[in-house]
Amino acid sequence: MENPPENVTRSTTIFQPSVILSVIKNSYVVKGASAALLLFYCLSFIDTVFDHLCVVPGYVLPPNFWVWTLLTHNFLQSHILMVVVDICVVIMSGKIIEPLWSPLQIGIFFAVVTSSAALITAGFYVIFYYVTGNTDYLFETHIHGLGAYIGGFCVTVKQLMPEEVLLRLPLGKIRAKHVPLICLSIAITLSACGVLNGPYAIHFGFGVLISWIYLRFYQKHGNGNTGDMAEEFSFARCVRC
């Protein structure tokens, strides 16, 4: 289990009035997810509880089948700053996605993306174990946080408003369609530098991939259509700026 930085106090940032007001003004889904993130952050300080709430490759796969961790791992963070990031994404998701999708659509998307990404990431580390023989890949690897959902949210933003200008810079404009690749690059860089835990970038990357597959081919729409076969949402355009 990762220990939170000593110089970060639990009371900072997360209790800023703007963050609290944003949560209060949103739906019960946003409030519930934010409350779960705070509760699980408090539980993360208990080592045995942490191990039973995050996805550990050696336990989630046969013969142990700790399947409940496919849900609980999403809300577990050991660093307060990552809790803030996750809550901010939940708030933005509530503002951008909730008005357009039904609660059932959001629930299915969340379940498919996060559980699939966690399982595939766990399988990835099982392969590392078979290649290296190092059991740490099985029992000392902790997959947790909303990394996969954040990756999926980035893809959803690109799908819903690809040409929306998010930031104007001297070198050009950053549009919504650039978000998945930019965020994935940031996740890889921070993981490589040790700022984020090892599996985070892999977890995030599979979230991007699985969300695109789901939105492209399987999502059910109110008009009876399935998926989004628009050329602008092709895989080639999804993974490039």
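A salt bridge here is a side-chain nitrogen of Lys or Arg within 4 Å of a carboxyl oxygen of Asp or Glu. By this rule the count is 2 salt bridges. The structure is a predicted model, where local features need pLDDT of at least 70, side-chain atom pairs count only at pLDDT 80 or more, and totals for chains, interfaces and linings use all residues. Residues are numbered from 1 along each chain as its sequence is written, and side-chain values use heavy atoms, with hydrogens and water left out.

Arginine 175 and glutamate 163 pair through their side chains, at 3.8 Å from N to O. Arginine 175 lies in strand S2 (residues 172-175), and glutamate 163 in the loop between H9 and strand S1 (165-169), so this pair ties together parts that are 12 residues apart in sequence. Helices and strands are DSSP runs numbered from the N terminus: helices are H or I with at least four residues, strands are E with at least two. Glutamate 163 also bridges to lysine 177, with the closest N and O atoms 3.3 Å apart. That pair links distant parts of the chain, since lysine 177 sits in the loop between S2 and H10, 14 residues from glutamate 163. Shared partners join Glu163, Arg175 and Lys177 into one network.

How covered are these three? Accessibility is sorted into buried (under 20% relative accessible area), exposed (over 50%) and partly exposed (in between), with a 1.4 Å probe and protein chains only. Arginine 175 is partly exposed at 22%. Lysine 177 is partly exposed at 24%. Glutamate 163, at 45%, is partly exposed as well.

Now step back to the whole chain. The protein chain has 12 helices and 2 strands. Along the sequence, the pattern reads α-α-α-α-α-α-α-α-α-β-β-α-α-α. Of its 241 residues, 43% count as buried. The accessible surface comes to about 12,300 Å², and 67% of that belongs to carbon and sulfur atoms. These areas come from the Shrake-Rupley method with a 1.4 Å probe; for residues, only the protein chains shown count as cover. Contact means heavy atoms within 4.5 Å. Among contacts between residues at least 6 apart in sequence, 69% join residues at least 24 apart.

Isoleucine 120 is partly exposed, with a relative accessible area of 37%. Isoleucine 120 touches Phe206 and Ile210, not counting residues up to four places away in sequence. Isoleucine 202 is 82 residues from isoleucine 120 in sequence, yet 9.3 Å away from C-alpha to C-alpha. Valine 113 also lies in helix H7. Is valine 113 buried or exposed? At 0% relative accessibility, valine 113 counts as buried. Leaving aside neighbours within four places in sequence, valine 113 is in contact with Ala148, Gly207, Ile210 and Ser211. The C-alpha atoms of valine 113 and tryptophan 212 are separated by 9.4 Å, though the two residues are 99 apart along the chain.

Next, the open space. A pocket is found on a 1 Å grid over the protein atoms alone: it is an open set of points where a 1.4 Å probe fits, with protein on both sides within 12 Å along at least five of seven lines, and lining residues have an atom within 4 Å of a point. The largest pocket has a volume of about 430 Å³. That volume is the space filled by probe spheres set on the points, which are joined across faces, edges and corners. Of the 19 lining residues, the closest to the pocket centre are Val89, Ile150, Cys154, Val179 and Cys183. Two or more lining residues come from each of helix H6 (80-96), helix H9 (147-160), helix H10 (179-192) and helix H11 (200-218). H10 gives the largest share, 6 residues. The lining divides into 19 nonpolar residues, no polar and no charged. Nonpolar covers Ala, Val, Leu, Ile, Met, Phe, Trp, Tyr, Cys and Pro; charged covers Asp, Glu, Lys and Arg; the others, Gly among them, are polar.

Last, the backbone. Most residues other than glycine have a negative phi, and most peptide bonds are trans. A cis peptide bond joins proline 62 and proline 63, with omega about 5 degrees. Proline 63 is placed in the loop between helix H4 (57-60) and helix H5 (69-72). Phenylalanine 65 lies in the loop between H4 and H5. Phenylalanine 65 is not a glycine, yet its phi is positive, at about 55 degrees. At 47% relative accessibility, phenylalanine 65 is partly exposed.
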